[in-house]
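I opened this entry to look up the ligand site and the cavities. My notes follow in the order I took them.

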Amino acid sequence: MKRTLMIVAIAIFSVALVFAAGEQETGPKKGQYVIKTGIGYNDQSLQYKTLEFMKAHLEEATDGVVTMELYHSSTLGDDLAILEGLQLGTVEMFCGTIGPAAQWSNAVKLFDLPFLFTSYEEVDALLDGPVGQEVLDSLKPAGMVGIGYWENGFRQLTNSKRPVESPEDMVGLKLRTMPTPVPLAFFKMLGANPTPMNFGEVFTALQQGVVDGQENPWETILANKFYEVQKYATNTGHVYSPFGVLFSQKFWDKLPAEYQEEVREAVFAARDFNRTSAREAEQAILAELGKYMEITILTPEEIKPFQEMTRPVYDQFAEEIGPELVQKAVDFLANL
Ligand code: TK8
């Protein structure tokens with residue numbers, strides 16, 4: 001009798017165990033959703049640290065159900081390759097400069113218009129407002145879901161030839177630009193000789209003298225050690241480059257709504273970390289670069305000629321970008 005009871009008890013217990021295990025299998029598992037992403041910058045960059053921040057935040061918030069796989073130094077491909085990956089569904093997330101996405105949306109060229117922004121206050125208001133959203137939404141037909149913007153920063157000029165103090169000093173400089181049309185056009189207006197190139201090739205191109213210069217935010221110049229191959233820098237601040245945080249529509253559609261929400265939140269938490277860190281560090285970074293490079297700091301007055309010479313690019317591209325969008329952005333900033 002005792003024995004039978006025991007067997008029955010064991011049987012019930014086993015059934016219960018199997019049931020519990022079965023139930024667990026129907027719920028979300030750890031690592032069920034993997035967000036793979038890659039950047040051009042190295043693991044010393046704030047962009048990579050921002051990704052690490054997002055990964056930790058997201059994995060904690062979802063109890064490991066959504067995880068991230070991070071690649072740096074273009075090992076997953078350059079910006080254009082990652083963007084193509086989003087379309088194909090082979091890469092889940094992009095967080096590079098949004099400029100190169102011009103291949104799929106004319107609206108993103110808006111941010112490549114020179115001297116559009118003059119302060120971080122303007123940047124945040126425009127990017128986080130309706131204009132920023134409209135630009136992100138313009139990538140939807142290309143199969144990309146835009147969530148928000150992180151900071152690459154105001155782009156500054158470096159070169160190996162001479163100090164650049166006025167537009168005349170730009171004449172004939174061989175300059176690497178991002179693979180997107182607006183910078184190519186306005187650097188020509190300044191008399192430079194621009195060449196579009198993927199970020200992964202820039203250091204070597206500078207080192208070997210294939211190009212004389214490049215332009216990127218101070219932090220990028222430091223983290224990627226461009227100062228080793230560039231002697232001169234100028235605070236042109238000609239363009240503010242936002243990182244666009246985009247997801248593959250194919251991935252997004254598979255992600256349950258509650259996890260979409262967690263991803264969104266992680267993107268925004270990382271954005272706040274990223275902007276605060278970038279801005280706090282800016283002066284120290286400039287001081288550090290000053291140890292290796294000859295840095296020319298121009299006054300707003302001295303930057304004006306650069307602005308005036310590149311102004312025609314607004315008319316040249318307004319039709320393509322969308323005249324209403326350009327006007328909306330300009331008005332929005334004027335009325336801040
Ligand atoms: C790196 C790019 C980079 C951009 C460039 O992944 O190409 O100069 O500034 O941010 O996104």
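**Ligand shell**

I began with the residues around the ligand: Gly 40, Tyr 41, Asp 79, Gly 96, Thr 97, Asn 152, Arg 155, Arg 176, Met 178, Phe 199, Asn 216 and Phe 243. I kept in mind that this is a predicted model. I then sorted the shell by class. It has four nonpolar, five polar and three charged residues.

Which side chains place an N or O atom 3.0 Å from an oxygen atom of the ligand? I found Tyr 41 on that list. I noted Asn 152 at 3.0 Å from a ligand oxygen atom. I also wrote down Arg 155, with a side-chain N or O atom 3.0 Å from an oxygen atom of the ligand. Next I checked burial. The ligand taken alone exposes 300 Å², and the protein buries 99% of that.

**Domains**

Why does the ligand lie between domain 1 and domain 2? I looked up the bounds: domain 1 covers 31-152 + 242-283, and domain 2 covers 154-240 + 284-334. Both give residues to the shell around the ligand, so it lies between them.

**Cavities**

How many cavities of 30 Å³ or more does the structure hold? I got three. About 190 Å³ of space lies in the largest cavity. It is lined by 19 residues, and the closest to its centre are Asn 152, Gly 153, Pro 217, Glu 219 and Ala 278.

Note on methods. Residues numbered from 1 in each chain as written. Predicted model: local features only at pLDDT ≥ 70, side-chain atom pairs only at ≥ 80, totals over all residues. Heavy atoms only, no water. Near = heavy atom within 4 Å. Polar contact = N/O pair within 3.5 Å; in protein donor to acceptor, adjacent residues only side chain to side chain. Areas by Shrake-Rupley, 256 points an atom, 1.4 Å probe, with all protein chains shown as cover. Nonpolar A, V, L, I, M, F, W, Y, C, P; charged D, E, K, R; others polar. Domains from an automatic or database assignment. 1 Å grid on protein atoms, 1.4 Å probe; cavity = no way out; pocket = protein on both sides within 12 Å on 5 of 7 lines; lining within 4 Å. Points joined across faces, edges and corners; volume = space filled by probe spheres on them.
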